[in-house]
Every structure is written in structure tokens, then in C-alpha cells.
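Below is a set of questions and answers on side-chain packing and pairing in one protein chain. The model is a predicted one.

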Amino acid sequence: MKNNLLTEQLVYNGESRTKTHIHLIAYTRETVHETVCDNFTDEISKADPAAKLWIRVHGLEDTECINALCTHFGIDFLVVQDILNVNHPSKVEEYDKFNFLVSRIFEGDRITQIRLIQGGNFVMSFTDNESTLLNDVQQALQHNVLKIRTRASDYLFSVMINDLVSNYISVAMSIGDDLDDLETELIAASDNRDIGGRLQIHRRRYMELKRTIIPLKDQYPRLLHTDSTLIHAANKPFFNDVNDHLLNVTQLIDSCRETLSSLMDLYVSNNDLRMNDIMKRLTIVSTIFIPLTFLVGVWGMNFKYMPELEWEHGYITAWIVMVAVGIAAYLIFKTKKWR
């Protein structure tokens, strides 16, 4: 990544080709009005000055539109660069006029970045594509759940963060359930040829989840202990509740780490046992053939006087002796339960 302090150019470095469009949601105590637009300036000018705003942006290819939107709300240029950087680690930052959060969304096999900005009377959310994660929050606004429309923007901000953390909890629980199933298969000593690959897939999901949650857990308390007027005392209990959920999901991923570690040890141990079993079987087969090889070697020597060579039934006798020796060795191993 180039040094973003040495350029004024805004570049979106993601792969999503979703066209940039904005859902402008203006809400008051009585009403909610949603408009989908490409040019937000005209729509904002039509909105009720007393209304609070949720600007929901999907698609970040149009960097000029993103920059104009952020400039309108007084968002710093470096924050705009962070919005367009899909590889930015999770973080929480406080500014004089807004709070800024970067995190990730886990939707099936797809992991996408999400950015939230909370100001005095607005909240902005940015996603690379058409994410459905915050749809429940939008429904809550429509139905005024818990009188959400009467509360300040920081409450909406806390609800969005809580929706993110709920997503992490569901992913962590899904990983835990899958690991429990793998543990059952490993303990049952079933065919585990594909378990190693599945363990690596879950390990990768776990690492992505950990990289997302740990920075949030460390930095989120800034919002709990801030002196900023953007976080109202009446809404701090909701932020504390979100922090409790963050601690809960941290415990879940710690549990996943321990389970992954134990399953990897069990997987390696099972492979060693299978290898030892294979080597034991090969050793038994080799041991059975050692006396037979000895007999064949003796009768294959080229001495002139060997009475067995003159026997009329020497060939069949040799076969009977070798079969009897082989069966006797096999029965000895079976009796000692080496088989």
C-alpha cells in the first residue's frame, strides 16, 4: 500500500463493482422517509432540517461521490482514505465532530468491510456491495422499535455496532458447532482424510474473526469513557451492553482457539496411530515371510549334494513346510493380538 500522506488522490482498492448509490433515510419522531439516489446533494436539501439522517452507501467505486458526501459532513480526508481502503484493520476513532468505526461483515463465505460514522444528527454506513446486515436496523426505524426515532444518533450508532457484534457471535458459534462435529468424527476414528483440510478452513475463518474482533475489543472502550458530547449519558448503558457482547464473542473465539488446537493435536495423533497400524501390518507380513525366505534360500543353494533335491516328493513337501510355517507365524501373531 502506498503512503497515503503523500497523495491527494482517492483510490478504491476493492474488487466489488457495485455501482455507488445512496439510501438517504431521514427520520423524525413521527415519520421515516427513504430515498435512493446517486446525487445526494439535492435530496439532502429537501430533507426536513429537524430530521436525523442515516446515509447508507452501497458501492465505493465512485470516489468523487464518496469524497463529496464526506466533505459535506466535514469528514477528514484521511478518514475518506480509510473508507476506500478495504484492507484496513478494525478500529474505533474519536474526532471532534464525529466518531469513526471500521470493521468487517461475515456473510457466508464472503467477508466485506463496513465503515460507520456518527455525527451530531447523522450516521453514515459504507459497504462495498449490497449488504443485508443492517436491514434489521432499518426495519426497527420503520416500526420505531424501542422508540428509536426519538433517540439521538448515538443510539442508532450503538444499535448498528450491536448488529455487527451479533454477526460475530453467530459466526463464532457456527465455527464452534462445526468443530464439535469434527471432534466427534475424530474420536469415532472414522475416515478422516478430508478433516485436515476442513480444519484449515475453520482455522482461516477463526483467524479472520480474531483479526476483526480483538482490535474492536481493545479500542471500543474509548466510546465508553469519552467526554465527547456525541455520546449522551442516557445512551451509555446501550454502549456498555454492546461492550458486554464484545467480551462474550471474545470468549467464544478463545474457546474456538482452544478447540482448534486440541483438534489439530488429535488429528495428528490419529494420523500417527494410523501410520503405526500400517507399519505394524507391514512388519507382520515381513516377519511371516522371513522364515519362508530362509527356506527358499537354503533350497536354492547350488551345492552338489543336497538330498532334498533328489526326493520324489520334495517339491510338494517344500510347499507344505512353507505353508505350515506361514500359518504358524500368523496364528502366533493373532494369539498375541498383534494383528
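Q: At what N to O distance do the side chains of Arg-198 and Glu-185 meet in a salt bridge?
A: In this predicted model, a salt bridge needs a side-chain nitrogen of Lys or Arg within 4 Å of a carboxyl oxygen of Asp or Glu. Arg-198 and Glu-185 meet in such a bridge, and their N to O distance is 3.0 Å.

Q: Which helices hold Arg-198 and Glu-185, and how many residues apart in sequence are the parts that the pair ties together?
A: Arg-198 is partly exposed at 27% relative accessible area, and Glu-185 is partly exposed at 25%. Arg-198 belongs to helix α6 and Glu-185 to helix α5, so the pair links parts of the chain whose separation in sequence is 13 residues.

Q: Is Glu-208 buried or exposed?
A: Glu-208 forms a salt bridge with Arg-211 at 3.2 Å, N to O. Both residues lie in helix α6, three residues apart, about one turn of the helix. Arg-211 is partly exposed, with a relative accessible area of 45%. The limit for burial is under 20% relative accessible area, and Glu-208 has 19%, so Glu-208 counts as buried.

Q: Which elements do the buried residues of α6 pack against?
A: The buried residues of α6 include Leu-199, Tyr-206, Leu-209 and Leu-216. The partners of the buried residues of α6 are β4 (91-94), β5, β6, α5, α7 and α8.

Q: How far apart are the end C-alpha atoms of α6?
A: Helix α6 has 25 residues, and at 1.5 Å a residue it should span 36 Å. The expected span uses one less than the number of residues. The model agrees with this, since the end C-alpha atoms of α6 are 36 Å apart.

Q: Which element gives the largest share of the largest nonpolar core?
A: The largest nonpolar core has 49 residues, and Leu-116, Leu-156, Ile-161 and Leu-209 are those with the most contacts inside it. Elements giving two or more residues to this core include β5 (99-107), β6 (110-118), α5 (153-187), α6 (195-219) and α8 (236-299). The largest share, 15 residues, comes from α5.

Q: Which residues is Leu-116 in contact with, leaving aside its neighbours within four places in sequence?
A: Contact here means heavy atoms within 4.5 Å. With those neighbours left aside, the contacts of Leu-116 are Asn-99, Phe-100, Leu-101, Met-124, Ser-125, Leu-134, Phe-157, Met-160, Ile-161 and Leu-164.

Q: What is the geometry of the aromatic pair of Tyr-155 and Phe-238?
A: A pair of aromatic rings is described by the distance of the centres and the angle of the planes. Planes over 60 degrees apart count as edge-to-face. For Tyr-155 and Phe-238 the centres are 4.7 Å apart and the planes are at 75 degrees, making the pair edge-to-face.

Q: How many residues apart in sequence are the parts that Tyr-155 and Phe-238 tie together?
A: Tyr-155 is buried at 5% relative accessibility, whereas Phe-238 is partly exposed at 28%. Tyr-155 lies in helix α5 and Phe-238 in helix α8, so the parts that the pair ties together have a sequence separation of 83 residues.

Q: Which residue has its charged end over the ring of Tyr-155?
A: A charge sits over a ring if, among other conditions, CZ of Arg is within 6 Å of the ring centre. At 4.6 Å from the centre of the Tyr-155 ring, the charged end is that of Arg-151.

Technical notes
Residues numbered from 1 in each chain as written. Predicted model: local features only at pLDDT ≥ 70, side-chain atom pairs only at ≥ 80, totals over all residues. Heavy atoms only, no water. Core = buried A, V, L, I, M, F, W, Y, C linked by side-chain atoms within 4.5 Å. Buried < 20%, exposed > 50% of the residue type's maximum accessible area, 1.4 Å probe, protein only. Helix = DSSP H or I, 4+ residues; strand = E, 2+ residues; numbered from the N terminus. Phe/Tyr/Trp six-rings, centres within 6.5 Å; stacked < 30°, edge-to-face > 60°. Lys NZ or Arg CZ within 6 Å of the ring centre and 35° of its normal.
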